Amino acid sequence: MVTTAASVAERPAESDLSLFRLYILRAVYLLIGLGEGSQIAPALFVHEPTARGVIPALLAGMSLLDLLGLKYPRQMLPLLLFEFAWKYIWFFAFGLPQWFSGQQPPTFAEDFFNIGFGVLLMPFVIPWGFVWRQYVMAPGDRWR
Amino acid sequence: MSRTAPSLWRRGDEEVSLVRLYVMRAVALLGVWGLFETVQTLVDHDPMDRGVHKALISGLWVMAFFAFRYPLKMIPVLLFELVWKTLWLIFFGLPQWWSGAGSLRLAEDLWAIGAFPIVCVLVIPWGYVWRHYLKAPGDRWR
């Protein structure tokens, strides 16, 4: 029998991810954690005294928790699924309609770029086969 | 050994107790129900609405369905809820409450956002989080 050494792109087991995929995931966690985090963190400290603050808190929380994804890229996948979900929801419910109608809030250009980037990137980052097996086909947690 | 005999309240050899799973599922259902109001605004909103807040909340709503079926695997979302809501309390909610000058929706937000970290702290199975998200060896690097 010929056993080949696991190459970088080879998938070792049905439930596992290739090393290449793990690095891609880690890169994205790092991008969101440090890249987006460093952009959003100042808004926590410096803001209008009466700012509602929900969006900075949400985005900063996301960045902070994504850093845990560097150690556990597979276990933290729900965060990337959440990223995928909300960005696609924004894109189809707000981004595209406002793009076509021309009626846009002042933050539109910035949001469209930042969120659109995620819309383009996330489908290629998320290991869909793994997600399908682990979060759809796998038996749910026990009931009794 | 009694350790190996899981009951409703004891986890035994399981990862968490059955009660814990039911409580986590109840919170997921609460999310499905409570966030739906925001989800409806996706189709009916001001054409100039920025929409980021509504999209984020709607994303959480989708995650709540997964959390109902897989409470343990979806713990990162609960941790996320705890972290962002705590950040909001520290940097926005509490300072505005104490200063007496806050956003127009402060009272509503203090209740809807500010109270939830307490729920998260009670619901999250910290032993499981410790074992799987801190102590466990990370995924491989090579």
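Select chain A and colour by burial: of its 144 residues, 33% count as buried. A residue is buried if 20 or more other C-beta atoms lie within 10 Å of its own, exposed if 12 or fewer, and partly exposed in between, with C-beta atoms placed from the backbone. This is a predicted model, in which local features need pLDDT of at least 70, side-chain atom pairs count only at pLDDT 80 or more, and totals for chains, interfaces and linings use all residues. Residues are numbered from 1 along each chain as its sequence is written, and chains are lettered from A, ligands numbered from 1, in the order in which they are written.

**Chain A**

Switch to cartoon. Chain A has five helices and zero strands. Helices (H or I, at least four residues) and strands (E, at least two) are DSSP runs, numbered from the N terminus. Contacts come next: two residues are in contact if their C-beta atoms, placed from the backbone, lie within 7 Å. Among contacts in chain A with a separation of 6 or more, 62% join residues 24 or more positions apart.

**Chain B**

Now select chain B. Its cartoon shows seven helices and zero strands. The radius of gyration of chain B is 18 Å, well over the 14 Å that the globule rule gives for 142 residues, so chain B is more spread out than a compact globule. That radius is taken over C-alpha atoms, and the rule is 2.2 Å times the number of residues to the power 0.38. The C-alpha trace of chain B spans about 60 × 40 × 35 Å along its principal axes. Buried residues make up 33% of the 142 in chain B. Of the contacts in chain B with a separation of 6 or more, 56% are between residues 24 or more positions apart.

**Where the chains meet**

Show both chains. The contact takes 45 residues from chain A and 47 residues from chain B. On the chain A side, H1 (19-45), H2 (54-66), H3 (77-101) and H5 (128-137) each supply at least two residues. H3(A) has the largest share of that side, 11 residues. By class, the chain A side holds 29 nonpolar, nine polar and seven charged residues. Here Ala, Val, Leu, Ile, Met, Phe, Trp, Tyr, Cys and Pro count as nonpolar, Asp, Glu, Lys and Arg as charged, and the others, Gly among them, as polar.

**The core**

Select A:Ala85, A:Trp90 and B:Met63. They have the most contacts inside the largest nonpolar core, which has 60 residues. Such a core is a set of buried Ala, Val, Leu, Ile, Met, Phe, Trp, Tyr and Cys residues joined through C-beta atoms within 7 Å. H3(A) gives the most to this core, with 14 residues. Zoom in on B:Met63. Beyond its neighbours within four places in sequence, B:Met63 contacts A:Pro78, A:Leu81, A:Phe82, A:Ala85, B:Met74 and B:Val77.

**A kinked helix**

Move to H4(B). Look for a kink of about 50°, centred on B:Leu89. The bend at a residue is the angle between axes fitted to the seven residues ending there and the seven starting there. After H4(B) comes B:Gly100, whose phi is positive, near 85°.

**Last stop: A:Leu44**

Pick A:Leu44, in helix H1 of chain A. A:Leu44 is partly exposed, with 17 other C-beta atoms within 10 Å. The C-alpha atoms of A:Leu44 and A:Pro56 are separated by 6.5 Å, and these residues are 12 apart along the chain. Leaving aside neighbours within four places in sequence, A:Leu44 is in contact with A:Pro56, A:Ala60, B:Leu87 and B:Phe91.
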